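Biologist: Before we go into details, could you put the model up, so that we can go through the ligand surroundings and a helix packing together?

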Amino acid sequence: MAWALDLTSTTFMLIQNPVLLSVLLIGTVLILCRLGRRIGYPLPPGPDNGRLFPRKSINLFKSWQEFEELTDTYGPVCCLRTWSGTIVVIGRLQAAMEIMESQGASLVDRPKSIAAGEILSHNMRILVMSYGKRFQRFRKALHTHLQPSAVPAYEPLQTRNARELILDILADPDNHLEHVKRFAVSFILCLTYGKRISTSLKDPHILGIQRTLQRMSMASQPGAFFVDYHRLLSYIPAFTKKLHVWHQEELSLYRSHLFAVEEAMKTPNCPPSFGRFLIENKQCHGLNDDEMAYLAGSMFGAGSETTANSLGFIIMAAACFPDAQKEVQEELDRVVGRDLPPTFEHRKLLPKVSAFVLEVLRWRAVSGTGFAHVATKDIVWNGYCIPEGSTVIGNHWSICRDPEAFPDPGEFQLNRWLDKDDQLIEDKNTLLFGFGRRVCPGQYVANRSLFIATAFLLWAFQISQNSKSSIDTTPIPGAVGIKPKPFLAQYEPRIDQLEELPCQIG
Ligand code: HEM
């Protein structure tokens, strides 16, 4: 009886209070609309639908093949339920265009990451940063140095590094994967901090930056730090001590790089660099000292590993697919000749070099599963609902192996990228550089680095498999995306007196 009385008095109170009544009505309508939407549009298919308990967790960085199997079984958009929330995996090109590109505004955010984002990076590492004012300031500052109109200025530097790459490989072919790393690191170091010496990979600053990348990758793995399961744990020092120490170490490393630029600016010959630009335009970009230090440091981190791994796969492909290599070399001989090395001016005339790079990036998609986005509102696609708050993965590995977009995806075919007149098909894309407003800001620089290094490599050498050790092309996880398993190759110079390769530019 008591509850009936309660109900009557509550109803009476609501009738008496029209404001409360309308708030309640509007709330109910909103909840019903929301439920209706979810009920009207089911989650995308997946192995967990109908399962009582969600799965424990999934390693977003190491699961490119696992996600591909899901796509093969459940279709272009599928869904996993884990304790930390819903994960939607997009594994085909068309679906990625329709969701990640066309609805990019709803996917600009990254999933919350307490260990890697908040504690290790103090929300200053752009790759894992949430969308907001700071993110916009960071992207704007990066754009000044990475936009298409800025990048031709780096051609001399890229060409000089490509030449050094050839000489390094000629002198010490077995360490070729170290040399491609040096190529990538030395270029980015110069771009970011104006460091113009030929860089040794044993340089303590470089080793330090590589350590930060590995730690970042460790901190991002689910289950590696319990704080990611519950925020409350982040108040208990035992759970966060290591992350705080790592943060202090990386911050002082990044600060020391920028401090060196500041010191150099007091001398008359300080070269231009992204770091110098940040310091000179501090007011204009509204970045404090630590933000500037992190922005420069993470540009270095994001750009060096991906470029080096791509070059490793380029060498691997040249050794494994001799017919494709031969086609490119015929083009190089015809357009460039063998007296002087290729330059950026040859770029338009060398569509097969560009096709070779594109096909390698498709064949072994260095971004692996890519970087997770988060849906900031419900997204409806083909009768399914990707719910607000879910983690959305555009799995580059399987998108690049989409049999509809790239028939016989396991085969290495330059023709995919060339029209009937052997010209590059300009608007064809694998989305390897990511999606929407989070697309890689370094893509124009990266494409140019890969073009000139590939043109030099295939111009200078006939690359083949080492007769004593065959190449295993299965990729392995890198600190960022995937990388080639260590392998040996044979390099036969195609150019007389290659060791005297002229240094024309840079
Ligand atoms: C082959 C080389 C490269 C590949 C494949 C690559 C790929 C990617 C991908 C897939 C993303 C994430 C996009 C997304 O979330 O949808 C990304 C982000 C990023 N990349 Fe690259 N990248 C490369 C080179 C570079 C270079 C050379 C730089 C800098 C000079 C750079 C700087 C960045 C930065 C700062 C971000 C974070 C952007 C954000 O979260 O808003 N990348 N890259």
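Biologist: Which of the 26 residues around the ligand come nearest?

Modeller: This is a predicted model, in which local features need pLDDT of at least 70, side-chain atom pairs count only at pLDDT 80 or more, and totals for chains, interfaces and linings use all residues. Residues are numbered from 1 along each chain as its sequence is written. A residue is near a molecule if its C-beta atom, placed from the backbone, lies within 6 Å of it, and of the 26 residues around the ligand the nearest are Gly303, Thr306, Gly434, Cys440 and Gly442.

Biologist: Which element gives the largest share of the shell around the ligand?

Modeller: Helices here are DSSP runs (H or I, at least four residues), numbered from the N terminus. Helix H6 (133-146), helix H13 (289-320) and H17 are the elements that give two or more residues to that shell. The largest share, six residues, comes from H13.

Biologist: Which residues in H17 do Gln325, Val328, Gln329 and Leu332 in H14 meet?

Modeller: Two residues are in contact if their C-beta atoms, placed from the backbone, lie within 7 Å. Those four residues in H14 meet, in H17, Ala455, Leu458 and Trp459.
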